[in-house]
Amino acid sequence: MDEKVGAVLVVGGGVAGIQASLDLADSGFKVYLLDESTSIGGTMAQLDKTFPTNDCSMCILAPKLVTAGRHPNIQLITHSELEKVKGKAGNFQITILKHPRLVNVEKCTGCGLCAQNCPTEVPNEFDQNMSMRKAIYVPFPQAVPLKYAIDIENCIKCRLCERICPAKAVDFDQQPETVKINVGSIILAPGFEGFDCHLKTEYGYGRFLNVVSSIEFERMMNASGPFGGKIVRPFDGKIPRKIAFIQCVGSRDAQLGNNYCSAACCMYAIKEAVIVKEHSSNPLDCTIFYMDMRCYGKEFDAYYERAQGEWGIEFVRSRVASVTEDPSTGNLFLHYVEIEEPKEEEFDMVVLSVGMQPPKNVEKLAENLGIKLNKYRFCQTDTFSPLETSKPGIFVCGAFGGPKDIPESVAQASGAASKAMCIIATERGKLIAEKEFPPERDVSQEEPRIGVFVCRCGINIGSVVNVPKVVDYAKTLPNVVYAEENLYTCSQDAQKLVAEKIRQHNLNRVVVASCTPRTHEPLFRETVQEAGLNPYLFEMANIRDQCSWVHMHEHEKATEKAKDLVASMVAKARLLKPLKKPTIEVTPVGLVIGGGIAGMTAALELAKQGFEVHLVEKKKELGGHLLTMHYLFEKDDNPQEKLQAITKAVMENDKIHVYTGAEVVDVYGFVGNFKTRIKRQSGKEKEIDHGIVIVATGAVEYEPTEYLYGKDPRIMTQHELEEQIAKGEFKAKTVVVIQCVGARNEERPNCSRICCGQAMKNALKIKQVSPKTEVYVLYKDIRTYGFKEDYYREAATKGVLFVNYDDERKPRVVDEDGKLKVTFWEPVIKEEVEIGPDVVVLSAATLPNPDNKRIAEMLKVPLTKDGFFLEAHMKLRPVDFATDGVFLCGMAHWPKFIDESISQACAAAARAATILSKKTLDAEGTVAHIDEDLCIGCGVCISICPYKAIAKDENGLAKVNEVLCKGCGTCAASCPERAIMMHQFTDEQLIAQGIAVLRRATHG
Amino acid sequence: MSDEKKFEPKIIGFLCNWCSYAAADLAGVSRIQYPPNIIIIRVMCSGRIDPSFILEAFKDGADGVLVAGCHLPSDCHYISGNFKALRRVTLLKKVLRDFGIEPERLRLEWLSASEGDRFAAIVRDMVEEIKKLGPNPLKAKEVEA
Ligand code: FES
């Protein structure tokens, strides 16, 4: 019974649960993904857009849903709940209760005939009850699994569906079922519950129709939502002209017992305001009422700035006291106090930015699992073990560990996957099946038979481009034998349909006209592969990102352009050839650059998973930023002790090779096969082979030039203050702390995220060691997000004074005959105040490591405008780079707290494991090929190839090493004999793409 | 000529996958509107763009061609493809007139993946410019003949 099991149970199928499942499944573990709902997807599926990129939420989530749904190592257990857990880390015995769905999932094809005919209408909870669904239903069109379910409570048992179902899938005799499984570890990702706005009676939710919650508002904004994306007032269906957003509803509210900050609401409110404003054809005013705008994440402040400048969103710093209604018009009056003056303002509509609460039935879950909850009933975790619950072998990620936004949930999910893997590393590969595709059909002798699938993408494409016309047009193109439209070509049912059509019409080339190949090509390639086609016999026409979205008001022209784009791709598709993917051997060794807490954690995780790691640190000593830290918020955690323990674990682990005082000088190769030269300060060099790279180069503290810093020892940074306190040298009667020094200014518009937290920590410490000392904190916004809000409250209760300043009235620090004087504007009494502190503490910005530029160039990865590393996708790939095999964690990504760095480091290790755990990887088939008959051996291509992938063979002719070739095609463009064929981007194909469009333009 | 007013230039854009095509996608994601006169052909790197593709496009009647890659010096995903594109396009511009094409019809731009707004601005600008230049002279000749 004590044997370890190479399987993991993931509880909760939101974006975090899905990410954790995918990472585990891709690293050789069996996954059971459990969700209470009938589909996976969680809250993210309900959102309209996501900040700060305004990506459509469903568009980026759907491919993940599909991948999870069809992954051979992931078993979805939906509409079910966890009943009992026994055993311990390595071997848990789980009992799951499956609720009857009354539909046989094996048989249901998701055709939807049942729902069309079902006579019973029920409020649709997916649309927050603002629309109706049937008693037999799927929660949303992209649901995975796309299997209907009967809502027993509302079903009238007319059994029409049973008779009508062509697959005979309806089964009214289904009974609850218990399922028993064995797993080695458990990951909890049950998400959160939105705050119930009824409890905030003063805002009138539930009484006043035009007061809606933010999640209702998301559904209203959504094109596939209850009103087709049109925002109307529930009171009278009129279009609002003036919308107010009230922040912190259910958060930062001691009366309700929810003192914590929900961490994501400021940003989503800005997003909602920007998007409604953008979509409204009439003038619309949006005002956000807030206490502090907490835009602490990557590039969030830039988004906030744009909202104010470009979009003209109003921001009012005030907690709204109450909302009243004019019952005749449904208009609302907001009563609030701004700068000590009571005010009242009329709005058409009010959106309440609801906070996050622990998921329903959390006590039962905790009891079942034997894990501890914190005082807010979220999962209890620690600074140095942010992904671990109180019970070994059970891990947590996402909002259940504390309110957080999507990228952080995703990073934690990967991190929890790494933790789960470490326990059962020895069982890797034992319970899984390889993804198998049917044998490839040989199409070399066939005439091209092209199928064109045009996606409506809900209304994203369909409301601008006349899709039926495009389909009709596609049918007229040479070699097109089949064309159709789909509501969402990427949904699971449509994918199945595409595969079916391929077989039915014997298609041998497929063109999907939808969004961008940059995100969706891998998914569709897999689909054609499942239908027995070579994955390269597929192309995408980008009629959304590069057509319907950018020509929203020119329907006819956009339709014509969509036709052009389809013609262009069909012309290319006719010339497509099946390609072989070369396989790459993987060196199962990692390289971690940077030996701070993030780098050390990543190295340890990889080692625990069984991989060898090289850890390179530029400084003489491991520890990075943490070396300067003397105490934490949590009173009894001693960071230096922790650091020592971690450093010791790293040094003693025989799988980890540590190089201190060393630098990476160059990196060659590619995913699976990197070769890196490391140079020690002694001048000694070493070359190492490795399969992946994790960048953990940290960040540095800004050295202020303002407020007399450097000219007077009484003016110091937070770090210097911490040092003084720790040494017992701190003495002062009055301290002034100035926030945002070197951040949120013109030069560096973004927030450094951690300084507010640091300020609280040090202010509390001052109050602890010297309770009489007066502490003033001058701030722009206090950004103690999540549970850190408690420390803000504690500081305020202990008498720390917080004074808000803005850019027009910055504090001034002068030295008057040896006495420090700080002058600042006090907004409450509306007067300048002057005090004479003994010490002035500056919360200095966190800047990117100056080495980033060099490292980025070596690794061919991008940086943000500020100089931090830029991940592959801000929302869903927070620790990946677009370059395969290179990952990112810690402050190299953005300033962050220790727990966040640790989560990301574990995440990077999990992502790396998806590669290191494989013996071989499939490389891209899009490589250059040299025609020996045409090559004259001139060597131009050899000199031009940036990867040294071309060499002369024994006959003096050029030959491409397919594994080294990255497919840029530069050689093909420079060959004087046109002897080089760049697969998938051949001369012929590219020229044909142009001709198809231009001939069409000239001739009609 | 009333036709002149209605002249809608046809522009072919050769964009590299990593930065410039991503910029065009970002323009979409951010819903930045620009005129629908451009059709984008995706290549992996601007270094893939053979001058003959550009000439071919003009021969087939393109009124303008945009070549875009990642920023110089070091943004190219393939180390230095953008430099090669720079060299090729600069040379081609010198000889374009010999083919009867105004060099202004060919543009080379560097775009980062975060410059959706700039991509849209470039297209807007090109469309304006080319409207002033009128239709591709080769096309006009064809009609005359
Ligand atoms: S990849 Fe963009 S120019 Fe080379």
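Reader: How many residues of chain A are in contact with chain B, and how many of chain B?
Author: In this predicted model, 54 residues of chain A touch 49 residues of chain B, contact being heavy atoms within 4.5 Å.

Reader: And how much area do chain A and chain B bury between them?
Author: About 4500 Å², with 57% of it on carbon and sulfur atoms. Buried area is the accessible area (1.4 Å probe) that two parts lose on being put together, summed over both.

Reader: Which residues in chain A lose the most area to chain B?
Author: A:Arg518, A:Gln546 and A:Leu998, together 14% of what the chain A side buries.

Reader: What does the model score?
Author: ipTM is 0.95 and pTM 0.83. Chain B averages a pLDDT of 89, and 92% of its residues score at least 70; pLDDT is the predictor's confidence in each residue, from 0 to 100.

Reader: Ground rules before we do helices?
Author: Residues are numbered from 1 along each chain as its sequence is written, and chains are lettered from A and ligands numbered from 1 in the order in which they are written. Local features need pLDDT of at least 70, side-chain atom pairs count only at pLDDT 80 or more, and totals for chains, interfaces and linings use all residues, while side-chain values use heavy atoms, leaving out hydrogens and water.

Reader: OK, at what angle do H15 and H21 of chain A cross?
Author: Roughly 40°, with the axes of H15 (residues 597–608) and H21 (residues 898–916) coming within 8 Å. Helices are DSSP runs (H or I, at least four residues) and strands likewise (E, at least two), numbered from the N terminus. Axes are lines fitted to C-alpha atoms, for helices over the stretch in contact, and angles run from 0 to 180 degrees between N-to-C directions.

Reader: So what do we call H15(A) relative to H21(A)?
Author: Oblique, because angles under 35 degrees count as roughly parallel, over 145 as roughly antiparallel, 65 to 115 as roughly perpendicular and the rest as oblique.

Reader: Which residues of H15(A) and H21(A) meet?
Author: Among them are A:Ile597, A:Thr601 and A:Glu605 in H15(A), and A:Ile898, A:Ser901 and A:Cys906 in H21(A).

Reader: Switching topic, where's the cis peptide bond with A:Pro52?
Author: A:Phe51 and A:Pro52 share that bond, with omega about -10°. A:Pro52 sits in the loop between strands E3 (49–50) and E4 (55–56) of chain A.

Reader: And what's the phi of A:Leu708?
Author: Positive, about 60°, though A:Leu708 is not a glycine.
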